[in-house]
Amino acid sequence: MKPRKNKKRVPSFRKLLKTSKVKLDNKLKNKQFKQQSIAKKYRKEQRKLRQAVKDVTSRTSVPLEEYKKKHAAERKEEEEEALPLDMMDEDDLKLMEDLAQKASFVTRDLSSSEPVHAKKRKQESVIDRYEKMPRRMQTEPEKELIHLLPIKDKSGIIPQTMEKPVINVAQNEEEEDTEEMEVVEESSEEPQPVLTTDELLIQRRRKLQEKKIHIAALAAAILSDPENSIKKLKELRAMLMEQDPNVAVIVRKLVMVSLMEIFKDITPSYKIRPLTEAEKHTKVRKETQKLREFEEGLVSQYKFYLENLEQTVKDWKQRKLKKSNVISLKAYKGLAEIAVKCLCELLVVLPHFNFHNNIIVLIVPLMNDTSKLISEMCCEAVKKLFKQDKLGSVSLGVVKVISGLVKSRNYDVRPEVLKIFLHLRIKEVEVKKDTEDITAKKKFMSCKEKRKNLSRMQRKWKKAEEKLERELLEAEASESKEKKLKLHTETLNIVFLTYFRILKKVQKSPLLPAVLEGLAKFAHLINVEFFDDLLVVLHSLIASGDLSYRESLHCVLTAFHILSGQGDVLNIDPSKFYSHLYRTLFRLHAGATNDDMVIVLQCLNVMLTKRRKQVSQQRALAFIKRLSTLALHVLPNSSVGILATNRILMQTFPKTDLLLDNEAQGSGLYLPELDEPECCNAQNTALWELHALRRHYHPTVQKFADHLIAGAPAEGSEALRLDLSRRSGTELFETYNMKGMTFNPPVASVTPRKKDKFLQGDSFLNEDLKELIQTHLNEAAVHRPLDFAKHLKESSLS
């Protein structure tokens with residue numbers, strides 16, 4: 001019977017890649033620990049033997065004590081009872097008595113119920129302990145056996161074993177010989193000289209310079225020939241575990257950044273996939289085999305590098321400090337920041353390479369980190385990733401992880417995490433329309449047309465030509481439009497699902513402003529079926545009164561974005577949203593709410609300008625009058641934006657020029673305190689605020705006020721410059737922003753006049769007038785006593 005073939009193979013390199021590095025390390029540590037324990041046990045036994053020999057040589061032998069007669073008599077009686085004396089010879093009996101006088105196991109009292117080893121350990125001598133110690137004839141530790149499957153034959157079951165190879169530690173023998181001399185050597189060692197602070201700094205600087213040169217040399221060698229420098233890449237990565245406490249922190253930071261730049265340079269522009277079993281066994285050329293080995297080594301080292309970065313961040317987050325580590329707990333924060341920076345850079349630069357999804361899983365939770373620096377780095381990296389993602393597959397992966405993070409944290413995350421969704425490049429409707437207009441589909445001739453108009457040879461040539469054109473069209477398409485549309489649709493579904501969950505479950509969450517802002521941006525892409533329910537939810541949020549002013553403005557903006565797109569087909573009356581905006585306009589002022597003017601200008605553009613056909617004249621008049629009043633008590637950039645919006649409204653609704661006249665139109669008085677724009681009688685008032693704005697200190701506000709008083713003409717002397725007339729209110733608000741606490745536009749500097757051009761005031765007076773003034777001044781200079789009685793008499797007489 002042939003022995004069974006061992007099918008167990010050495011694990012392949014790819015299988016090792018799939019195995020966790022932690023698992024492999026644990027296996028290696030367990031194996032080493034087992035070998036060390038065996039060697040330690042062997043050394044312990046040898047030490048005991050040496051100690052026993054020392055004790056024997058240092059002490060004199062003690063004769064055995066004679067047993068008492070009482071015990072001897074008892075033992076003799078027992079022996080007589082136990083053995084038939086008539087069957088024993090006298091010589092045998094005498095021999096037994098002689099043996100009974102010796103200390104051996106025969107002399108033990110068997111009738112006693114006391115345990116055998118009860119007092120043995122305390123009373124036994126050194127020689128007995130040495131005699132009872134087991135002897136080991138071997139000088140090497142026993143080898144471990146691997147139990148294999150047994151073999152069964154006619155005689156029975158035959159067990160099978162195999163010796164397990166054990167790595168012999170060469171230091172074991174040296175340790176046995178040197179254990180006794182350790183104390184002597186320690187006492188004989190000379191103390192190391194104590195270095196001063198300057199010497200320590202010089203030594204540290206020298207070590208650091210050597211490490212820098214070594215890192216630079218390895219990096220240069222790797223970049224010059226990447227395919228043959230995988231071992232050097234491994235050597236450089238091993239420096240991440242630098243153990244010198246003087247330079248460990250700086251060296252690890254330098255190695256992290258160096259490896260990041262190296263991987264950015266040598267990484268190919270495609271994803272490296274694992275080889276199949278068929279490809280492994282296929283014979284290839286030397287160049288191909290060399291390329292495969294390089295790719296496998298590159299993926300392996302890149303994986304280990306990412307694991308090192310991940311472990312650094314985890315140690316800092318969990319405040320773990322390994323016993324064997326030479327870095328303090330405070331230094332871990334700097335290492336973690338560098339590790340996060342490297343991960344963010346790799347996330348943006350290598351979105352096509354292996355393990356990109358693993359980097360996303362690491363970066364997204366750090367966006368919600370308590371450290372502001374780390375959170376901002378991760379958010380900026382994700383923004384850049386969204387900006388450069390043209391197809392949408394990478395954005396979809398990030399959005400999935402963010403949605404899962406928000407749900408797993410029970411919506412207790414920072415608002416910046418949800419504001420990341422605002423940077424998504426999703427415009428499916430516009431992109432689809434533009435691509436259809438630009439790239440018209442190629443029309444090919446049908447079979448009937450070919451038979452009717454072409455000969456047989458021409459049809460043959462036409463067929464080959466059409467086939468070539470189809471191949472060229474496929475080659476020109478850089479990305480699939482259908483795939484892109486599908487990815488964007490899936491991404492938006494996840495975004496809206498997150499938004500709707502927050503609106504439904506946690507309406508009082510600090511995430512609500514980010515949700516409303518996101519809905520306002522992507523409202524034109526929401527399915528029409530959800531419009532009615534969403535508008536009801538938005539109105540209930542406004543009516544509840546729990547929202548801040550900015551959040552209520554986002555609700556209004558979201559509602560009108562919905563109604564301006566696909567919501568035109570719906571029969572919904574948005575008058576309640578008009579009334580809410582009209583009622584809350586005066587909550588804006590020159591303080592903290594001045595930044596909310598951007599949202600107000602966007603709302604006015606969507607509510608009045610884009611929906612001009614659904615807006616009545618009374619509503620337009622009321623908004624123009626209230627906006628003009630608001631322009632008096634806000635900052636100059638807000639005043640410019642409001643006046644630019646009023647200019648557009650006056651041009652959109654020409655009949656609103658009646659506000660520039662003092663005559664009343666119809667019955668009733670203007671009621672400025674009324675919150676309903678339709679019923680405040682705005683036609684019976686005038687824009688007197690424009691005359692106050694003409695005297696404003698800001699020159700642009702003055703120009704807009706003069707322009708509106710003239711009726712907002714498009715041509716003529718009162719027309720605006722092109723740089724002002726072609727900009728919207730939002731653009732002008734940002735242009736004349738005063739965040740730098742300076743005048744915008746800056747005040748022109750006045751050139752001082754020369755002194756010789758100034759004329760004295762008295763040069764304009766004639767000679768007689770000069771003399772009269774001088775005499776009066778001289779008389780006033782003379783000191784005279786004041787006579788108040790004289791003045792009192794004169795006043796009484798008068």
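Tutor: Helices (H or I, at least four residues) and strands (E, at least two) are DSSP runs, numbered from the N terminus. This is a predicted model, in which local features need pLDDT of at least 70, side-chain atom pairs count only at pLDDT 80 or more, and totals for chains, interfaces and linings use all residues. Residues are numbered from 1 along each chain as its sequence is written, and side-chain values use heavy atoms, with hydrogens and water left out.

Student: Where does N410 lie?

Tutor: N410 is in the loop between α17 (393-408) and α18 (415-419). Its phi is near 60°, a positive value in a residue other than glycine.

Student: Which residues does the cis peptide bond join?

Tutor: The bond joins N744 and P745, with omega about 5°. P745 is placed in the loop between α33 (729-735) and α34.

Student: On to packing: at what angle do α9 and α11 pack?

Tutor: Helix α9 (residues 197-224) and helix α11 (residues 248-266) pack at about 10°, their axes 11 Å apart; axes are lines fitted to C-alpha atoms, for helices over the stretch in contact, and angles run from 0 to 180 degrees between N-to-C directions. The two helices are therefore roughly parallel, a term for angles under 35 degrees.

Definitions and conventions. Parallel < 35°, antiparallel > 145°, perpendicular 65-115°, else oblique.
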